[in-house]
Amino acid sequence: MISVLRFLVHSNLFISLATVSVAVTTIFLANLPLEPLPLFIVFAATMFVYTVNRFTDIEEDKQNVPQRAAFTKRYGRYWLVTGIALYIAAVGVAITLGLSGAAYLFLPLVVVLLYSVGGVKRLFFVKNLVVGLAWGTIPLGVGYYYGQLRSLEVLFLFVYITTMITIAAVIFDIKDIEGDHAEGILTVPNRFGPGWARISSLVATGVIAAAVVLLIAAGMLPRRYLVVLAMNAYVSMYIPFATSDRGPLYYGFVVDGEHVFLMVIVLLTEWLVW
């Protein structure tokens with residue numbers, strides 16, 4: 001079982017499914033019809049971005065996550081080809097079908113250039129925001145695809161996902177303290193310590209939860225959006241245990257699994273209602 005989970009994490013299959021779960025959550029919460037094309041596009045773009053990142057970060061991974069670095073060195077080229085092929089296929093399908101937002105499919109390439117090549121990850125907290133915004137574009141992309149880009153539900157999920165993933169990115173940096181320090185990358189855990197990073201992340205998670213409740217109480221969001229608080233609770237439970245000695249499965253499966261968890265809760269809620 002552990003070997004299977006490790007394979008899913010190191011191959012980027014799990015993180016790609018996690019981004020698909022964000023798209024599914026957006027579709028159901030915004031009452032949109034479920035279609036396979038936007039899910040495929042999200043999966044393909046994620047596989048491309050994260051696989052390229054595995055190669056650009058391989059020196060850091062040798063110190064922070066040696067098992068992942070070894071996996072990348074041995075099998076990475078096959079997954080890179082797969083990621084590139086899926087990304088090209090997604091762009092090709094979008095252009096062939098004449099999707100109005102096909103040009104936005106080049107954003108993943110921009111993210112790769114900024115984060116992995118352009119040195120954005122060396123700017124304090126900027127790399128966390130870039131990761132958060134990259135994930136936050138998933139609800140926006142779903143909204144654009146269905147012609148609901150300006151709906152309050154989609155805009156709320158953009159802000160919510162962006163902030164929650166930014167928090168997760170800060171927590172992720174705890175496991176990379178030694179490698180980031182060696183590479184001269186300044187992060188929240190590096191600068192203020194892992195304890196402060198955990199406490200500030202818990203506070204931020206609580207503030208976001210309070211904001212969600214206030215928006216619903218004010219009638220700006222439907223009551224069904226209370227379901228997102230399940231993810232706030234999930235995040236609050238894993239943050240205290242995020243330490244530098246936790247293995248890659250903790251961060252790659254437990255932490256990255258927050259959106260899969262939310263999707264399952266959303267689907268269960270929809271099933272119970274109907």
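## Loop residues and their surroundings

Asn12 counts as buried because its relative accessibility is 1%, where buried means under 20% relative accessible area, exposed means over 50%, and partly exposed lies in between, as found with a 1.4 Å probe and protein chains only. The structure is a predicted model, in which local features need pLDDT of at least 70 and side-chain atom pairs count only at pLDDT 80 or more, while totals for chains, interfaces and linings use all residues. Residues are numbered from 1 along each chain as its sequence is written, and side-chain values use heavy atoms, with hydrogens and water left out.

Asn12 sits in the loop between helix H1 (2-10) and helix H2 (13-29), and its phi is near 75 degrees, which is a positive value in a residue other than glycine. Helices here are DSSP runs of H or I with at least four residues, strands are runs of E with at least two, and both are numbered from the N terminus.

Is Asn31 buried or exposed? With a relative accessible area of 55%, Asn31 is exposed; it is found in the loop between H2 and helix H3 (36-56), and its phi, near 55 degrees, is a positive value in a residue other than glycine.

Phe241 is placed in the loop between helix H12 (229-238) and helix H13 (248-255), and it is partly exposed, with a relative accessible area of 47%. Leaving aside neighbours within four places in sequence, Phe241 is in contact with Arg246 and Tyr250, where contact means heavy atoms within 4.5 Å.

## Residues within helices

Ala69 belongs to helix H5, and because its relative accessibility is 5%, Ala69 counts as buried. Not counting residues up to four places away in sequence, Ala69 touches Ile58, Asp61 and Lys62. Val93 is also found in helix H5, which covers residues 66-96, and at 32% relative accessibility Val93 counts as partly exposed.

Glu153 lies in helix H8 and is partly exposed, with a relative accessible area of 21%. If neighbours within four places in sequence are set aside, Glu153 is in contact with Leu29, Ala30, Pro222, Arg224 and Tyr225.

The table lists separations between C-alpha atoms for pairs that include residues described above.

| Pair | Distance along the chain | C-alpha separation |
|---|---|---|
| Ala69 and Ile58 | eleven residues | 5.7 Å |
| Val93 and Thr51 | 42 residues | 21 Å |
| Glu153 and Leu105 | 48 residues | 22 Å |
| Phe241 and Ala211 | 30 residues | 25 Å |

## The nonpolar cores

In soluble globular proteins, nonpolar side chains tend to be buried together. A nonpolar core is here a set of buried Ala, Val, Leu, Ile, Met, Phe, Trp, Tyr and Cys residues joined through side-chain atoms within 4.5 Å.

Which residues have the most contacts inside the largest nonpolar core? They are Trp135, Phe156, Tyr160, Tyr238 and Tyr251, in a core of 55 residues. Helix H8 (residues 152-175) gives the most to this core, with 13 residues. Another core, of 13 residues, lies apart from it, and includes Phe48, Val52, Ala90 and Ala102.

Tyr238, one of the residues named for the largest core, is in contact with Ala168, Ile171, Tyr250, Val254, Val255 and Glu258, leaving aside its neighbours within four places in sequence.

## The protein as a whole

How many helices and strands does the protein have? There are 14 helices and zero strands.

For 274 residues, a compact globule would have a radius of gyration near 19 Å, and the 18 Å of this protein agrees with that; the radius is taken over C-alpha atoms, and the globule rule is 2.2 Å times the number of residues to the power 0.38. Along its principal axes, the C-alpha trace spans about 50 × 45 × 35 Å.

Buried residues make up 49% of the 274 residues. Among contacts between residues at least 6 apart in sequence, 73% join residues at least 24 apart.
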